[in-house]
Amino acid sequence: MGKFEVLDHPLIQHKLTIIRDKNCGTREFRQCVNEIAELMAYEVSRDMALEDVEIETPMGKTVQKRLAGKKVVIVPILRAGLGMVDGILELIPAAKVGHIGMYRDEETMKPHEYFVKMPDDLENREMFIVDPMLATGGSAIMAVDALKKRGARSIKFVCLVAAPEGVEALRAAHPDIDIFAAALDEKLNENSYIIPGLGDAGDRLFGTK
């Protein structure tokens, strides 16, 4: 069973409070989302494999550690997931970026896939799916489905705010993946929005209604 972890670092919690505030403007919201994503990437990447490598410092030869094995692919779920990409790239600049486009049917609340573009050789890469919200879990489940269908084996889901219903649904559908959140909120309301949440992350990131 994959793990579910809430990253409660003080800087993450402080910046999350800033973006929860309805009076937080687009510029500050966008900046804080990227900063939270960068801080989360530090923890999400904690178990990445290392290998020994011999180098020469100004003082002589030495054996030290460097990243080994699987290369990272950051996969934002469009469009709100885009707000987390640059923050992770600050920490892992060599990562590739794939994209998954989905929209939610306003009547059924079910997600529909409309766009998938990925690097090659997913089975040998470590995938970080990013989306600010894990609400019903529908989009997250479909995103994991899309990656597994294309050969991905190592997948982590990274979000800012999760609802218990979404965590439960994603773990039931894909018990092998790890889930990381900055906060586990109270519940979903009748419109499938997270309470207390932070509203529509996409609209707040991009200044739309």
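1. Arg-79 sits in the loop that runs between strand 4 (71-78) and helix 3 (82-91), where helices (H or I, at least four residues) and strands (E, at least two) are DSSP runs numbered from the N terminus. The peptide bond leading from Leu-78 to Arg-79 is cis, with omega near 0°. This is a predicted model, in which local features need pLDDT of at least 70 and side-chain atom pairs count only at pLDDT 80 or more, while totals for chains, interfaces and linings use all residues. Residues are numbered from 1 along each chain as its sequence is written, and side-chain values use heavy atoms, with hydrogens and water left out.

2. An unreviewed UniProt entry lists Arg-79 under "binding site", together with residues including Arg-104, Asp-131, Pro-132 and Asp-200; such annotations may be inferred rather than shown by experiment. Of the listed residues, the lining of the largest pocket includes Arg-79, Arg-104, Asp-131, Met-133, Leu-134, Ala-135, Thr-136, Gly-137, Gly-138, Ser-139 and Asp-200. A pocket here is an open set of points on a 1 Å grid over the protein atoms alone, where a 1.4 Å probe fits, with protein on both sides within 12 Å along at least five of seven lines, and lining residues have an atom within 4 Å of a point.

3. Two other backbone features deserve a look. A cis peptide bond, with omega about 0°, joins Ile-195 and Pro-196, and Pro-196 belongs to the loop between strand 13 (194-195) and helix 6 (201-206). Asp-121, although not a glycine, has a positive phi of about 60°, and is placed in the loop between strand 7 (111-117) and strand 8 (125-130).

4. Helix 1 (residues 10-20) packs against helix 2 (residues 26-44) at an angle of about 155°, with the axes 9 Å apart; axes are lines fitted to C-alpha atoms over the stretch in contact, and angles run from 0 to 180 degrees between N-to-C directions. The two helices are therefore roughly antiparallel (angles over 145 degrees). Their contact (heavy atoms within 4.5 Å) involves residues including Leu-11 and Ile-19 of helix 1 and Phe-29 and Met-40 of helix 2. The contact residues divide into 11 nonpolar, no polar and three charged, where Ala, Val, Leu, Ile, Met, Phe, Trp, Tyr, Cys and Pro count as nonpolar, Asp, Glu, Lys and Arg as charged, and the others, Gly among them, as polar.

5. Helix 2 also packs with helix 3, at an angle of about 45° and with axes 7 Å apart, which makes helix 2 oblique to helix 3. By class, this contact has eight nonpolar, three polar and three charged residues.

Conventions: Angles under 35 degrees count as roughly parallel, over 145 as roughly antiparallel, 65 to 115 as roughly perpendicular and the rest as oblique.
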